[in-house]
Amino acid sequence: MWLIQLLALCALVTAVPSSDKKKGEKKPASEERKLSEKAAALADRSATLAFNLYHVMAKDKNLENILVSPVVVASSLGLVSLGGKAATASQAKALLSASKLNDDYVHGGLSEFLNDVSNATARNVTWKLGSRLYGPSSVSFADDFVQSSKKHYNYDHAKINFRDKRSALKSINEWAAQTTEGKLPEVTRDVEKTDGALIVNAMFFKPHWDEKFHHKMVDNRGFMVSRSYTIGISMMHRTGLYKYYEDEDEKLQMVEMPLAHKLSSLIIIMPNHVEPLERLEKLLTREQLQVWLGKMKERSVAVSLPKVSLEVSHDLQKHLADLGLTEAVDKNKADLSKISGKKDLYLSNVLHAAALELDTEGNPFESDLYSREEIRNPKLFYVDHPFVFLIKDNKTNSVLFIGRLVKPKGDKMRDEL
C-alpha cells in the first residue's frame with residue numbers, strides 16, 4: 001500500500017504536461033532539419049548493425065552489463081573501410097549492410113549522421129565522445145588517411161609504444177578520462193596483442209529528460225540481480241503520460257520515455273519477473289521491436305527507475321569478427337595499407353568504452369499539472385531487476401545506444417527467499 005501512496009504522491013508532485021505546442025513553441029528540430037538521403041540510408045543500416053552486434057555480445061558469458069553505441073561502431077567500421085583495401089575494406093562495408101554503396105556515399109552518409117546525432121547542444125543531452133586510432137611507433141600515418149578520417153569520423157591519431165606497457169595503458173586511460181571529463185577513468189587494464197593498431201572510442205552520455213524527475217522523489221531500494229542477490233541502489237520515481245505496452249503472452253512490459261526536445265527516447269524492455277535476460281534477448285530483433293512499438297499506447301505510468309551510473313568497456317574485436325570482420329583482425333590477412341602506405345598493420349583491438357548516467361535532470365516543471373483524470377490508475381513500471389534498454393533516435397529510428405543492466409554498482413543487501 002505504501003508503494004501505491006508514494007507513486008500517487010509522485011504523480012501530484014512531478015507530473016508535467018506532455019505537450020506545450022498550445023503555448024506557441026517552435027516546431028521540434030526533427031521537423032526543421034532533415035538528413036540527406038545518404039545519411040538516412042546509413043542511419044537505417046546502423047540500426048541493423050545494432051541488433052546484430054547486441055546478439056553476438058549477449059552470448060558472451062563473460063559479460064554482465066552491456067553498453068554500446070552502434071552509431072560509433074558504425075563510424076569505426078567506416079574508418080576500417082577508409083583505411084583498408086580489398087576484402088579488408090569490403091567486409092567492413094558488409095557489416096554496415098553497405099556493400100553495394102560506393103565509398104563516398106558511405107563515408108559522407110556516416111559523417112553527416114554521426115555529426116547530427118552527437119550534436120549535444122541541439123539535442124539537449126550530454127554526450128562527450130572521443131575516437132582515436134593508435135598505431136605502433138614504427139608506423140607512419142598517411143596524410144590522406146589522417147585528413148579523411150578526421151573529416152568524416154572526427155578521429156584523432158597517435159603512436160604508442162607497448163614496450164612500456166604500464167605507461168602505454170596509462171596514456172590510453174588518461175586520454176579517455178580527459179575526453180569524458182572524468183566520467184570514464186579506465187578503458188582497459190591490459191591489452192594482450194600489442195603489435196597492431198588500436199581503435200579506441202570513449203564516450204559519456206547523460207539523458208536530459210523531457211519531463212524531469214523531482215529530486216526529492218528519490219529513495220533507497222533494492223535491485224534484484226537474481227532471486228538470491230539484491231543490490232542496494234537509489235531509485236527515482238515519477239508518474240506521467242508515457243507510451244507503454246505489456247505483452248501478456250511473452251510476460252514482459254516496456255515503456256518509452258522522451259528525452260529533451262523529443263529527438264530521442266529511452267526505451268526500457270523488462271521481463272515481468274526476475275529472470276535471466278536470455279529469453280527476452282532471443283525475442284529482441286529489429287522487426288519485433290517495431291511490432292512492440294506499434295502496439296504502445298500513451299497512458300498514465302508510474303515509473304520507478306534506478307538512478308545509476310553505468311561504466312562499461314568492451315573489446316569488440318572478437319564480436320566484430322564473429323559478424324564477419326575477419327580480415328582486418330588477422331595479422332596475416334589484413335590489408336590496411338591506406339592507413340600507412342604499407343601492408344604492415346592489422347586491427348589488434350577495438351576498445352569501446354562508454355558511461356551512461358541516469359539522473360533526475362530534465363526540463364523544468366510547469367505550474368499546471370495533468371488533470372487528475374489523466375493520471376488516474378497508472379500502470380506500475382517498477383524497474384528493480386535486469387532489463388534491456390535502447391536510446392532511439394526519433395528522427396531516423398536508428399539506435400544511439402543499446403545495452404542491458406544486469407548488475408548495477410552497489411552493495412549486496414541481503415539474500416532473498
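Analyst: One definition to begin with. A residue is buried under 20% relative accessible area, exposed over 50%, and partly exposed in between (1.4 Å probe, protein chains only). This is a predicted model, so local features need pLDDT of at least 70 and side-chain atom pairs count only at pLDDT 80 or more, while totals for chains, interfaces and linings use all residues. Residues are numbered from 1 along each chain as its sequence is written, and side-chain values use heavy atoms, with hydrogens and water left out.

User: OK. Is Asp 315 buried, partly exposed or exposed?

Analyst: Asp 315 counts as partly exposed, at 29% relative accessibility. It is found in strand 10, residues 309-315. Helices (H or I, at least four residues) and strands (E, at least two) are DSSP runs, numbered from the N terminus.

User: What does Asp 315 touch?

Analyst: Leaving out residues up to four places away in sequence, Asp 315 touches Asn 349, Val 350 and Leu 351. Contact means heavy atoms within 4.5 Å. As for Val 191, its C-alpha atom is 9.5 Å from that of Asp 315, and the two are 124 residues apart along the chain.

User: Back up a bit. What pLDDT does the chain average?

Analyst: The average is 90, and 89% of the residues score at least 70. pLDDT is the predictor's confidence in each residue, from 0 to 100.

User: Which element has the lowest mean pLDDT, and which the highest?

Analyst: Helix 1 (residues 2-14) has the lowest, at 46. Strand 1 (residues 66-68) has the highest, at 98. Over residues 1-31, pLDDT stays under 50. The model has 64 contacts beyond four places in sequence for that stretch. Where pLDDT is low, the predicted coordinates should not be read in detail.

User: How many helices and strands does the chain have?

Analyst: The secondary structure comes to 13 helices and 15 strands. The chain has 417 residues, and 55% of them are buried. Take the contacts with a separation of 6 or more: 77% of them join residues 24 or more positions apart.

User: New topic. Which residues of helix 11 are buried?

Analyst: In helix 11 (residues 286-295), the buried residues are Arg 286, Leu 289, Trp 292 and Leu 293. They cover an arc of only 120 degrees around the axis, so they sit on the same side of helix 11. The arc is that of the directions from the helix axis to the C-beta atoms.

User: And what does the face turned away from that buried side carry?

Analyst: That face of helix 11 carries the exposed residues Glu 287 and Gly 294. The cover over the buried residues includes helix 3 (37-58), strand 6 (229-247) and helix 10 (278-283).

User: Now helix packing. At what angle do helix 4 and helix 5 pack?

Analyst: Helix 4 (residues 70-83) and helix 5 (residues 86-95) pack at about 155 degrees, with axes 7 Å apart. That makes helix 4 roughly antiparallel to helix 5. The contact involves Leu 77, Val 80 and Ser 81 of helix 4, with Ala 89 and Ala 92 among the residues of helix 5. Axes are lines fitted to C-alpha atoms, for helices over the stretch in contact, and angles run from 0 to 180 degrees between N-to-C directions. Under 35 degrees counts as roughly parallel, over 145 as roughly antiparallel, 65 to 115 as roughly perpendicular, and the rest as oblique.

User: At what angle does helix 4 pack with helix 6?

Analyst: The angle is about 150 degrees, with axes 10 Å apart; helix 6 is residues 103-117. Helix 4 and helix 6 are therefore roughly antiparallel to each other. On helix 4, the contact residues include Val 71, Ala 74 and Gly 78. On helix 6, they include His 107, Leu 110 and Phe 113.

User: Last one. Where is Ala 197?

Analyst: Ala 197 is in strand 4, residues 197-206. It is buried, with a relative accessible area of 1%. Leu 133 is 64 residues from Ala 197 in sequence, yet their C-alpha atoms are 7.0 Å apart. Setting aside neighbours within four places in sequence, the contacts of Ala 197 include Leu 133, Tyr 134 and Ser 348. Ser 348 lies in strand 11, residues 347-357, and counts as buried at 1% relative accessibility.
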